[in-house]
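Rolling a probe the size of a water molecule over the atoms shows where empty space is left.

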Amino acid sequence: MSRRFLSLLIVLTLIMVGLFSLGLTSAQEGESQAEWVDPCTAPTSEATVEAVVPQDNSDISFAIILPNPRGDRSFIDSAAAGAERAIAELGVVGTIVETSGAQEHDAAVRRAVQDRPDIVITIAVDAPIIQEIAEEFPDQKFGAQETFFFAGVPDLDNLALYNILTHENSYLAGIAAGMLTRTKKVGAVGGMDTPGINLFIVGYEEGVLSVCPDCELVRSYVGDFSDPVTAKEQALTLYNEGADILYQVAGRSGEGVLLAASETGNFAIGVDSNQDDLYPGTILVSAMKRVDNAVFSFVKSVVDGTYAPGVTTVGLREGFAGLSWDVGVCSRTFDQYGPEDMVAKLPAVRKAIDEAREKILSGELIVTNALEQASQ
Amino acid sequence: MVNRLRQTFKSLSIPVLAVILGLIVSSFFVLMAGTDPAQTYQRMFCEGFGSKGCQTFSDLLVVQVETEDGGVSSVFAPFYGVGGHRMAVVLERATLLILTALSATVAFKAGLFSIGMDGQFVLGAITVAFFGYWLPTQVYMLAGVSDPGAAPQALLSVMHVLIPLVCIGLAMAVGAVYSWIAGYLKVKLNVNELISTIILNAIAVQIVNYLVRYPLRSDFNSTARTQRIDDTAWLIPFNRGLFQDVEWFSGARLGIGIIIAILVAVLIWFFLWRSTAGYEQRMAGGSRRFARFGGIPSERAALRAMLLSGALSGLAGALAILGIERRVIDGYATSGFGFDGVLVAILARESVPGIILVAMFFAGLQQGATNLQFGDLPRQLGGIIIAFIILFSSMENFFRDLITRIQTRLRPRKTPYPNEAGAP
């Protein structure tokens, strides 16, 4: 009797609370335009954290070829992290292979094939190399990330591609830069003048101009993804010219941009991984590209037996590209260490970003895809 | 004859001792990195020279193989080619090292310490990458063939022979001219050839980087690269052509280049030790003034040496593209084959048979070092080990003294002044 009474009471309370909170939100809706509720700090009691149960798939193996040595705290480290996560969570046997530049890629992929792993994953290895080797070894499964086939993807049963589009999250980062700049002059430092890099930069520039139409844009290319010294010099030049926020899209070279920002008291936007904590208070936000998810998906597809050749294009919508401010990463380093005048603007910036994100996801706003332009 | 054998043994024992000492000293660093030296070395040599399933040093010779009925049998490892033998890849690399090392040797023998192989190599490579694509398209145009696949068979077979030959010739010419610049500066203006070749290398790398990134760039891929050479220019590797069914060659782009390299080595040996021109060159290298007193035109000899040296490096670059890469990728200009060739030449003490052996050993070590990663060992360890082996190999005199001292200690001489050459 008492138990029934108790459960009735609980249900009633829940209904009450529910109605009350509903009324509260509907009441807020009218006046909350100015206030932005941070989903990261808001209580998330209902979120259930899925416990990761390590599986045992030690009969399945993979090899991953990284285009440059690890330690860029960006793109390559992200890919390696995905491989390590696959080893830990899926219980597969994995070999992570670093190379030191394009001239080693071919030999490394061929060596990896000799061991006949279930899948050979290549990161940013040139398209014709992969195509040739995949044709030569039709029984070997390949997974390629960051490889652009401009002449059309070859029709091979053993080649799967992941394309992560980053123009949309770069657009969001551009909104942050456009709203937070003090000098009305912002820029980007790219690794090389290629469509894959311009995909980021063009999106970013559009984002800047959408909130700050009279902002001046500057751009420079390092010409190398592992030359932080040159990158730093270029960044210093741009800062001296009056730019105060630079978006780096340059792999390990980008470390030079971040360092230049921190030394001159200017600001930068990180790329690929969450770089906000490298120089706290200097890096506004990072435009993340979840290469790790792509790598993990490749391995998982072999474990599940769902490996399918062909291209998978993912981006902001699928959670493969985003900002370090987003739910899930929730980096708030800049709030803590950034200068007061900029931190004060952050809620408004985040609100603008959320609105732009919704417009992009609903298809109302289309960000220029530099990669598509190049292939036309 | 016995003396000759003893001499050979002595010169062979020096590099072997150097390698062993290099391994012992670097094991200190391997231990510091928290890895087991024995395991690391076994992995390195297996990756460099072993077959599939190679785990220990003994597997380099005899490897245990599972037979089809589930039993285990022992096989002579160098011939066990299932899944592709590592030596095939070693020979692929060694092809280029042999040629660049010969190039260095020719210059060294003339008394010129030219290290311009890198520059001549990459210029040869880019020349071939351009003409290997451009020449066939011109021929198709002249012959009025719109689709190369439908070209008459006779035309294709003629092109298959002529185009690579023309490409190789052009690359050798480019390499020779580029090397001749340094030689001319040396002979006419007495510019130190070491400095001029270092600078010329840097210039060549930038020229190639520019050509690959801008005029010769094939498309807007993330890595710049030239157009792939036409199939008629391609020296088809063994695993795609001649020995298609031999699994030993699987995965390696080893081809006719290795045969060309060894033939050239024989020719160079003949030129240096059996021809008048080679004699003049060696004399000019020994002492320029003495050579001039002896009536040898030492300036001409020096220029000839530089031309030949450049042509050999250009040939290496040509074979690298025609037989292996088929295109120049951005970054290939700094792949360092030229400089590795200089190292091989120094380690082989400018002996032609030595160059072939050392080139193979060096290529195997390099491959073993990079592929340490496939055994979950850090690749940087490989670099340290190679550096120590090179360091100890260059300490020639130290080992020579050591060996002589040990020999005299072990075998007391009967005569007070023994004559090594055996002459009366």
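## Pocket and cavities

The second largest cavity is lined by Arg110(A), Glu132(A), Glu136(A), Trp234(B), Pro237(B), Asn239(B), Arg240(B), Ala252(B), Arg253(B), Gly323(B), Ile324(B) and Arg326(B). Two elements give two or more residues to this lining: helix 4 (127–136) of chain A and helix 10 of chain B. By class, the lining of the second largest cavity has four nonpolar, two polar and six charged residues.

This is a predicted model, in which local features need pLDDT of at least 70, side-chain atom pairs count only at pLDDT 80 or more, and totals for chains, interfaces and linings use all residues. Residues are numbered from 1 along each chain as its sequence is written, chains are lettered from A and ligands numbered from 1 in the order in which they are written, and side-chain values use heavy atoms, with hydrogens and water left out.

On a 1 Å grid over the protein atoms alone, a cavity is a set of points where a 1.4 Å probe fits but cannot get out, a pocket is an open set with protein on both sides within 12 Å along at least five of seven lines, and lining residues have an atom within 4 Å of a point. The structure holds four cavities of 30 Å³ or more.

| Space | Volume |
|---|---|
| Largest pocket | about 1300 Å³ |
| Largest cavity | about 90 Å³ |
| Second largest cavity | about 70 Å³ |

The largest cavity has 14 lining residues, and Arg253(B), Gly255(B), Gly257(B), Gly323(B) and Ile324(B) lie nearest its centre. Helix 3 (86–109), helix 7 and helix 10 (298–325) of chain B each give two or more residues to that lining. Helix 10 of chain B gives the most, with four residues. The lining of the largest cavity comprises eight nonpolar, four polar and two charged residues.

The largest pocket is lined by 37 residues, with Leu12(B), Pro15(B), Gly354(B), Leu357(B) and Val358(B) nearest its centre. Its lining takes two or more residues from each of helix 1 (2–32), helix 2 (37–49), helix 7 (257–274), helix 12 (352–370) and helix 13 (379–393) of chain B. Helix 1 of chain B gives the most to this lining, with 11 residues. Of the residues lining the largest pocket, 25 are nonpolar, seven polar and five charged. At least three lining residues come from each of domain 1 (1–35 + 378–424) and domain 2 (87–371) of chain B, with domain bounds from an automatic or database domain assignment.

Helices (H or I, at least four residues) are DSSP runs, numbered from the N terminus. Ala, Val, Leu, Ile, Met, Phe, Trp, Tyr, Cys and Pro count as nonpolar, Asp, Glu, Lys and Arg as charged, and the others, Gly among them, as polar. A volume is the space filled by probe spheres set on the grid points, which are joined across faces, edges and corners.
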